[in-house]
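Here is a short briefing for a first look at a protein model. Read the lead sentences, then take the topics in turn.

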Amino acid sequence: MVLARRLTGITWSELPHSCTGLHNVPDTPDIQTGSPARGTGVIHQDDAADRLLPKAVSMKTTTMPAAAPTTDGTERPVPRWATAMARAIPLVGLPACLWRLPFAFGFTMGTVQEKTYDWWEIAPYVFTLSTVSECLALLSLGLVRGWGEVAPGWIPVIGGRRVPPAAAIVPATLGGLVLTGVLVEWSLGILGVLPGLHYTDNGWRVLAVCCQSLLVMWGPLLLAVTYAYWARRRNEPRPREFGCC
């Protein structure tokens, strides 16, 4: 009984009479042991406390289940379609980068050039354009990864701090809109709808269209992934870590 009182924190005087059954009911002493008789229909003090013990222990040991961590390192789950689109963005630009590389070595890929350039003039431009475009495409993965919510620790100044949602949403939205407009116009030029590149024969044109057409999907895919990022973080409080106050 003493153990039950310590665990439950309930004294005998606090127990309701309906639980004890001892209101104005005297105990009948046992002849041999001197303790109140059993089997008389009276609930004893020890029995009443023991009945409350399991309930009290269960109340003390009950804990809320911890939230399962996400596989992407984000606080909230990322939709599967958003992850698939973010992974597809670097892939849709890769054929265009490979198609562009021969220009660095003076090979025109069947295009009609009004002016020719030496390799040392065109090579830095081609390699820089291909590298920068693929790096920007890979940054889209941050919209579905944990490092898009908390800056990696190796980044100076902001490493380990939370990324404000607007710091990712605004550039991604503007980039998606610009890419959609520019690449659609560029693709229409490749297809011959608008003035653009000219080719020596249709075989080179078909190859260019197959490599460049996937690049048009970059803008819409980026806008869709940005929407998923906004929907996931729209209810978060504005972080103060990036600010000066």
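Helices (H or I, at least four residues) and strands (E, at least two) are DSSP runs, numbered from the N terminus. By that rule, the protein chain has eight helices and zero strands. This is a predicted model, where local features need pLDDT of at least 70, side-chain atom pairs count only at pLDDT 80 or more, and totals for chains, interfaces and linings use all residues. Residues are numbered from 1 along each chain as its sequence is written, and side-chain values use heavy atoms, with hydrogens and water left out.

**Overall layout**
- From the N terminus, the elements run α-α-α-α-α-α-α-α.
- Contact means heavy atoms within 4.5 Å. Among contacts between residues at least 6 apart in sequence, 68% join residues at least 24 apart.
- The protein chain has 245 residues, and 30% of them are buried. Buried means under 20% relative accessible area, exposed over 50%, and partly exposed in between (1.4 Å probe, protein chains only).
- The chain exposes about 16100 Å², with carbon and sulfur atoms supplying 66% of that area. Accessible areas come from the Shrake-Rupley method with a 1.4 Å probe; for residues, only the protein chains shown count as cover.

**Nonpolar cores**
- A nonpolar core is a set of buried Ala, Val, Leu, Ile, Met, Phe, Trp, Tyr and Cys residues joined through side-chain atoms within 4.5 Å.
- The largest one holds 20 residues, of which I89, L143, V144, W218 and L222 touch the most other members.
- Helices α4 (80-100), α6 (165-191) and α8 (218-233) each give two or more residues to this core. The most come from α8, with six residues.
- Another core lies apart from it, with ten residues, among them A104, A123, Y199 and C211.

**Surface patch**
- V132, L136, L139 and W147 make a nonpolar surface patch of about 380 Å².
- Patch residues have over 30% relative accessible area and no salt bridge; like charges are joined within 9 Å, nonpolar side chains (Val, Leu, Ile, Met, Phe, Trp, Tyr) within 5 Å. A salt bridge is a side-chain nitrogen of Lys or Arg within 4 Å of a carboxyl oxygen of Asp or Glu.
- W147 sits in the loop between α5 (119-139) and α6. W147 is partly exposed, at 38% relative accessible area.

**Aromatic pairs**
- The structure holds four aromatic pairs. Rings of Phe, Tyr and Trp (its six-membered ring) pair if their centres lie within 6.5 Å; planes under 30 degrees apart count as stacked, over 60 as edge-to-face and the rest as tilted.
- F105 and F127 form an edge-to-face pair, 6.2 Å centre to centre with 85° between the planes.
- F105 is in the loop between α4 and α5, and F127 is in helix α5, 22 residues apart.
- F105 is exposed, at 64% relative accessible area, whereas F127 is partly exposed, at 38%.
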